[in-house]
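Visitor: Hi! Could you walk me through a few spots in this model?
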Amino acid sequence: MTLQPITQRNYASTYHLVFDKLQQLGCEPVAFGPSQFHARCPAAHDDASLLLATRPRSRSGRDAGVVLLCHGDPACNQEDMFAALGLSPAASDTVTLKAPVQRGPVALSQQLLSPLASGRRRPSQNGGALTSQSRSEHPASDPDPDNEVGEVPPGRPVIGSTGWRYDVDETGGTVWKARRGKEIAWEVVLDWAPYVSERLVVLGEDGKSAGRYYTITIGADTLTKSLADLRTADGWNDFSDDSGAASRSTREVLINIITDQGKRLPRTPVVTHTGWHRLPDAGLTYVYPDGRTYPANRLVRLVGAPEDLSRAARPLDKSATDDECKEAIQAIAAHGWAPMMALAVGARSLAHSLRPVSATFVFDAEPNSGKTSAANTARSLLLTPRPHAWPPVPTKGMNSTVTDIECALDFEGDMPILLDDIPLTRVSSAAEIRDMERKLELVIRAAGNATELKGRRNRDLTAKPGNRVRSIPVIAAQMLPPSLQESLYRRSVVAYLSRDGGEVDWRWYKDGGGQTLSAPLRTLGDRMIAHLHDQADANLYLEQLETEALRQFTPYVNDVLPERSDTMEGVTTAAAAMLAGFGLIAAAAGLAMSDLIAVVAQPLASSLARQAARMEEQSTAQGDVATAVGEVLRKALFHKRAHVRDARGILRPVVPGQVEQDQGLVRRHERKTWDGKGPALYWLPDRGPALGISTKNLNMLLKASGDPRVNSYVDRSLPEALLQAGAIHRNESQKDRVASHRVRVGSDVLRLLLIKPELVWDL
């Protein structure tokens, strides 16, 4: 090949001139920093020989030339090199050929596995100065020795960790760190490296990226880890062969190695909950708890599935026939209306995100009445435990921690949810009752309002996505708390069961009847998912089913609740939305929706009538809330368990017409100052007038009083209850916080409830 006529003046430096000549010769120069590149040696010997070119530093700004090292034929000399490059002997002033230094842990065989030999790097096209594309992929992460050249750098640079390199594949790897001296040497730091086989991108609610996971192999362990987990020491504990990774600095290098591999892998979508998702380039897809999809083989990964849930969701060896599906539904109907109703709720749950049902289904049942057996028919649409097919695994027990319940509800999307069991009895302690009330409020209110279970914050206090209820919760309780708020009842559909009332033939389920349902119900579940996927407009289709269910159900409700309130009208509509699940079952089994609704309509309507009576009782009880709050505060002030301060936060008698004792104050130090114990109530004459107190302090006083009218609230529900009871002033200027107010007290701004003082004193 004849070189094009080029001269030194055409180039910024000799380094760029040599790079261009090697490129013309087809030696594939590859820049891996601003001052170094690899190429194949142009001299006449083995094509696999590596040539390292380094541009020495120049403190004066003048051309410092280029130093070449050939790692091929030891006899390769400067004369041959200049001849191959078309350089005159005068070029020796700026082009130097040096013999390589072979020392340290890196052998030549390892050097030949460099990015040049493996073809992993993309050569630069501008004479060694990196393009914007290659610069972002291969920044100058290697040491740049001052006029000294050491070993050929092994592997590839660790982007973001200067002076580190790595090489890795499925069988293992190595991590090196530069050791500075007169010449650069590469020291083995780890005799392993994390191998990344998948880059997983979490899809947020809006379909955009919301996080990253990587499938990582270290030794014998292959695990999927989030980037957030890898930033903590605990994130590495599951790898048994990660010796040497204890320090934070080493882990940061390993994270950079993982992300460097990940950026060259295709993006695999990841979801963190089951159910329907709209995947990029794939469209609407249902993800099962075991990671399967409908349609099958969609490119998506599910993370966070509990092992027992994933195992129970695996497909059965054989599907049921049409006749077997029909026989199973007939068997369920023959052994009680409650399991049929649960089956409808479970079927409707499969479409929850396509058209949400903002309500909770509750079994309020006597002990041994079969509530769990009834709820399990719904759960069996997707789950079959191994080795015993009955009963299915619940979502969580209600005696689980709040965090466990939150996470389980957030994971189980568009599938039947079962929270089992509320273990209250008539002799349960006040603490046990309050604990169940708190959990019920958390679940029922979040499901009814379609809000997060709890607000979450990042470390910088910015909002981050919280856990949600992603399906219709089914709660099995042997007794609901007697003081459960009316506002929670109106967000629920309650089915009342008795032990011998015939609502559930629990003995049939216990004697093996439940196991016979596994294959037919799993088949129906799969068919309903496929049926929903085939709908051109699933939301419209479900709306039509709900309308038809309401039309068929309304006459039964009219018989028992002819003059129902608007609140009960909403409960009836929610019940009809759940009954729409029979439309899905009918389509999957080849049955008539009306025949299925007829099995449950009359007993369900009677149950709603009982729920309406209970709601009326709770509403009347809440009318006493305002009176109870006034009595509790009056006694707390009188007995020095609380005290009054003025609007500036100063302790002093300030309420007109009330003596010091009624304000919780005591004279001290020769009647010059005042003393007060317990929480403060701030007298705010310009606010109504009003007594300002924080929600936390007020609830503490209410619980300490033992008054059953007001001692069962949690901080989250208390403001709304007081507002409904007319005990506090409404905030007209802040729509999202109508029950509380921001009030300046002295130099502080406090969030306070503004109690009407006439409840406490006769003003």
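Guide: Happy to; we can go through some strands, helix contacts and single residues.
Guide: The model is predicted, so to speak of a local feature we need pLDDT of at least 70, side-chain atom pairs count only at pLDDT 80 or more, and totals for chains, interfaces and linings use all residues. Residues are numbered from 1 along each chain as its sequence is written, and side-chain values use heavy atoms, with hydrogens and water left out.

Visitor: Great. Which strands form the open sheet with parallel pairing?
Guide: The order is 19-22-18-23, 4 strands in an open sheet. Strands here are DSSP runs (E, at least two residues) and helices are too (H or I, at least four), numbered from the N terminus. Two strands pair if DSSP finds at least two bridges between them.

Visitor: And which strands stand at the edges?
Guide: Strand 19 (417-422) and strand 23 (492-497) do; each has a single partner strand, so one side of each has no neighbour in the sheet. From one strand to the next, the twist averages 20°. Axes are lines fitted to C-alpha atoms, for helices over the stretch in contact, and angles run from 0 to 180 degrees between N-to-C directions.

Visitor: What packs on that sheet?
Guide: Helix 18 does, touching strand 18 and strand 23, and its direction makes about 80° with that of strand 23. Contact means heavy atoms within 4.5 Å.

Visitor: Let's look at strand 22. How many of its residues are buried?
Guide: 5 of the 5, so strand 22 is largely enclosed by the rest of the structure. Buried means under 20% relative accessible area, exposed over 50%, and partly exposed in between (1.4 Å probe, protein chains only).

Visitor: Which residues sit on which side?
Guide: Pro-473, Ile-475 and Ala-477 are on one side, with Val-474 and Ala-476 on the other. As background, side chains in a regular strand alternate between the two faces of the sheet.

Visitor: What are the bridge partners in strand 22?
Guide: Ala-476 is the bridge partner of Phe-363, and Ala-476 is also the bridge partner of Asp-420. Asp-364 stands opposite Ala-477. Strand 18 (residues 360-365) pairs with strand 22 (residues 473-477) in the parallel sense over 4 bridges, while 5 bridges join strand 19 to strand 22, also parallel.

Visitor: Where is Ser-471?
Guide: Ser-471 is in the loop between strand 21 (463-464) and strand 22. Ser-471 is buried, at a relative accessible area of 2%.

Visitor: What does Ser-471 touch, leaving aside its neighbours within four places in sequence?
Guide: Its contacts are Ser-349, His-352, Glu-412, Asp-414, Met-415 and Ile-417. The C-alpha atom of Ser-471 is also 8.0 Å from that of Val-357, 114 residues apart along the chain.

Visitor: Back to helix 18. At what angle do the axes of helix 10 and helix 18 cross?
Guide: Roughly 80°, with the axes of helix 10 (residues 337-349) and helix 18 (residues 566-579) coming within 7 Å. The two helices are therefore roughly perpendicular to each other; angles under 35 degrees count as roughly parallel, over 145 as roughly antiparallel, 65 to 115 as roughly perpendicular and the rest as oblique.

Visitor: Which residues make the contact?
Guide: Helix 10 gives Met-341, Ala-344, Val-345 and Arg-348, and helix 18 gives Ala-575, Ala-577, Met-578 and Leu-579. By class that is 7 nonpolar, no polar and 1 charged residues. Ala, Val, Leu, Ile, Met, Phe, Trp, Tyr, Cys and Pro count as nonpolar, Asp, Glu, Lys and Arg as charged, and the others, Gly among them, as polar.

Visitor: New topic: strand 4. Is it covered or exposed?
Guide: Mostly covered: 5 of the 5 residues of strand 4 (residues 66-70) are buried. Val-66, Leu-68 and Cys-70 point one way, and Val-67 and Leu-69 the other.

Visitor: What does strand 4 pair with?
Guide: Strand 3 (residues 50-54) pairs with strand 4 in the antiparallel sense over 4 bridges, with Leu-52 opposite Leu-69. Strand 5 (residues 95-98) pairs with strand 4 in the parallel sense, also over 4 bridges, and there Thr-96 is the bridge partner of Val-67.
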